[in-house]
Each structure stands twice: as C-alpha cells, then as structure tokens.
Amino acid sequence: EDRDVKAATGEEGAAPPPPPAAAPRRVRRERGPPVDRSGESSGLQIVVQGLPWAHTWQELKDMFESVGSIERADIAIGHDGRSRGFGTVRFTNAEAAQAAIAQWNQQDLQGRTLAVFLDRYA
C-alpha cells in the first residue's frame, strides 16, 4: 500500500495536513462616480486604426500636425511591449479633428489602410 495515501486519509495514526490558511480579506475602497459612457463624443479626439507596427507616438503626432494643433498623441501598447496597431490623437478644436478624418480616413500608409474616426468616449 501507498504510504502517502494512508497519510492523506489519516490511517495508521498519521494526522491529516492542516487546511490552508485563509487569505486576508481586502478592504473595499469607495469608488468615484461612474464614468459616463453614453457615446457622446467631445469631438476633439480621433482614433487611428491600421497603423504600421513600428509607428511611434511622435510619428503619429507629426503625421497629423499639418491638420491642426494637437494636445497629445498616443499609440496603444500591448502587454508584450509592442504596438497594437492603433492610436489616438487629441486636437485642441473639433474642426481640426474633422479635417484629420477627412484627410486621412481610408488612406494607405506603408501598405496598410488607415481607419480614422471620432473617439466616442473622449
């Protein structure tokens, strides 16, 4: 017979192992007010999909600077540290965002077709 089985079942005087210690409970923090996700856009931020994998935020910003004044440009980065192929650009006015969409949507960039549209949640 197997000794380990006897030890686990408590046969022959062996005590069963103690149960694992319970993890300490986390203290719940108060959350702030819920984020409004009604789909109402500010009209200032655009999403750019289909970017080349090697594109940086600076290249994205430089690409759209001719359209209007930019507050910030970001490239989405995955857990592995590589680009996810899309980014966002936030303009200082809605007219520049609309001009960027008109100029860059469905354009080819290094063999990839860009999709440019208003960010519904920003």
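## Exercises on a predicted model

**Exercise 1.** In this predicted model, find which residues Val48 is in contact with, leaving aside its neighbours within four places in sequence.

*Solution.* Step 1: apply the contact cut-off, heavy atoms within 4.5 Å. Step 2: list the partners of Val48, which are Leu60, Phe64, Gly85, Phe86, Gly87, Val89, Leu114, Ala115 and Val116. Val48 is among the residues with the most contacts inside the largest nonpolar core, together with Ile46, Leu60, Phe64, Val89 and Phe91. That core has 20 residues. Step 4: assign the core to elements. Those giving two or more residues are strands S1 (45-49), S2 (70-77) and S3 (83-91) and helices H2 (57-64) and H3 (94-104). H3 gives the most, with five residues.

**Exercise 2.** Identify the buried residues of H2 and explain why they line one face of the helix.

*Solution.* Step 1: select residues of H2 under 20% relative accessible area. These are Leu60, Met63 and Phe64. Step 2: look down the axis of H2; the buried residues fall within an arc of 85°, so they line one face. Step 3: recall the helix geometry. An α-helix has 3.6 residues a turn, so residues three or four places apart point the same way. Step 4: find what this face meets. The buried residues of H2 pack against S1, S2, S3, H3 and strand S4 (108-109).

**Exercise 3.** Describe how S2 and S3 pair.

*Solution.* Step 1: determine the sense and extent; the pairing is antiparallel, over six bridges. Step 2: locate a facing pair; Ile77 stands opposite Ser83 in S3. Step 3: inspect the connection. S2 and S3 form a hairpin with five residues between them. In the turn, Gly81 has a positive phi of about 85°.

Notes
Residues numbered from 1 in each chain as written. Predicted model: local features only at pLDDT ≥ 70, side-chain atom pairs only at ≥ 80, totals over all residues. Heavy atoms only, no water. Core = buried A, V, L, I, M, F, W, Y, C linked by side-chain atoms within 4.5 Å. Buried < 20%, exposed > 50% of the residue type's maximum accessible area, 1.4 Å probe, protein only. Helix = DSSP H or I, 4+ residues; strand = E, 2+ residues; numbered from the N terminus. Arc of directions from axis to C-beta. Pairing = 2+ DSSP bridges.
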